[in-house]
Amino acid sequence: MRYSPFGKTGFQVSALGFGAMNLPGVSLQQAGDTLNYALDHGINYIDTAAGYRNSEEIIGETISHRRSEYFLATKTNKRDYAAAKEEIERSLVRMKTDVIDLLQIHYVNYVSEYKQAMEDNGAYKAALEMKEAGKVRFIGITGHRPELLAKWISKGDFDQVLFHLNLAQPFALNELIPMATQMGMGKVAMKPLSGGFIQPVEKAIRYPYSQNVDVIISGMISVDEVKQNLAAMEQEVEEEERKELEALALELGSHNCRRCNYCSCPIGVTIPDIMISSQVRQTLGLLPKGNGFYERQKDKILSCADYEPCREKPLCEEKCPYHLPMQKVVQEAASYYR
Ligand code: SF4
Ligand code: SF4
């Protein structure tokens, strides 16, 4: 596995980062075994968020005694100063640490949210104060809209940026990664499996590994998953394989969905998951979690074609900033059941 200098932070980080988002779904024993196994096998970047249920507490309970062995990244999704400051202080307590290496302003997808976080009484000010107090080392930003993130980071306020990069969402390659590189920032790619859809896992992990990013965050819940992800990074990606993966990503990413979540459906179709996974489903098949999703959504997906209020004009499409043909993709997905 590769280790890279992490922007201008002075830290060297492992290419595989531990995403702790799903740890609250397993026993504390299993979570601790998985995290400790990861540290024992060279993973030194741990990523969580205040909003991931008790994920921060699990980290505090199970690996805080090994604090010097990992770079610790968490997030606040609060936008105003007071709420963000309170949440960052709570994160320190929950993770049983004196310092958070990276505090990310979390899930910034709308211009209004960015403005709110950056204004005089915003979350950024709280992060900056905590940095001046020595409780936070670096400040980052996360979001689902790469072209907006590219604009925002160009102002020089952040040390790191976290974005999607997977075979079905290659969009960060266009503007965001080049801008983050130009700014000398830490680059972290998330959701290599797009939340449990893309298989085979090895190919899914090797795609972002073939690109100019420092860390790939994978949400892991078992020692077997850590082993599988580490195995995918044993060998560097050669030029020929990189080109093949990029060609595949062009095909699988043709739906263009950023998962910005602007859209909603009155009958409960989970549109972004379908937009992102439908092409993957046809070409590579899905992981069991993805197949389970399609089983659970079956009735809703099948109802889309008969939903009267969307006959003339699909309600979801009115809200998509990328003007994507969601109704068509959802109705195509219905054909899988026939
Ligand atoms: S379909 Fe459009 S609005 Fe919905 S998540 Fe994707 S890009 Fe955003
Ligand atoms: S077109 Fe289908 S997916 Fe879109 S809002 Fe209407 S029912 Fe929902």
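Trainee: Hi! In which sense do strand 7 and strand 8 pair, and over how many bridges?

Mentor: Strand 7 (residues 136-142) and strand 8 (residues 160-164) pair in the parallel sense over 3 bridges. Pairing here takes at least two DSSP bridges between two strands, and strands (E, at least two residues) and helices (H or I, at least four) are DSSP runs numbered from the N terminus. This is a predicted model, where local features need pLDDT of at least 70, side-chain atom pairs count only at pLDDT 80 or more, and totals for chains, interfaces and linings use all residues. Residues are numbered from 1 along each chain as its sequence is written, while chains are lettered from A and ligands numbered from 1 in the order in which they are written.

Trainee: Which residue is the bridge partner of glycine 140 in strand 8?

Mentor: That is glutamine 160.

Trainee: And in what order do the 8 strands close into a barrel?

Mentor: The order is 3-4-5-6-7-8-9-10, with parallel pairing. On average, neighbouring strands of this sheet are turned by 30° against each other, direction ignored; the axes are lines fitted to C-alpha atoms, with angles from 0 to 180 degrees between N-to-C directions.

Trainee: New topic: how many residues surround ligand 1?

Mentor: There are 15, and Cys257, Cys260, Tyr262, Cys263 and Cys320 are the closest. A residue is near if its C-beta atom, placed from the backbone, lies within 6 Å. Helix 11 (residues 271-283) gives the most to this shell of ligand 1, with 3 residues.

Trainee: Which residues come nearest to ligand 2?

Mentor: Of the 13 around ligand 2, Cys265, Cys304, Cys310, Pro314 and Cys316 do. Helix 13 (315-319) and helix 14 (326-334) are the elements giving two or more residues to that shell.
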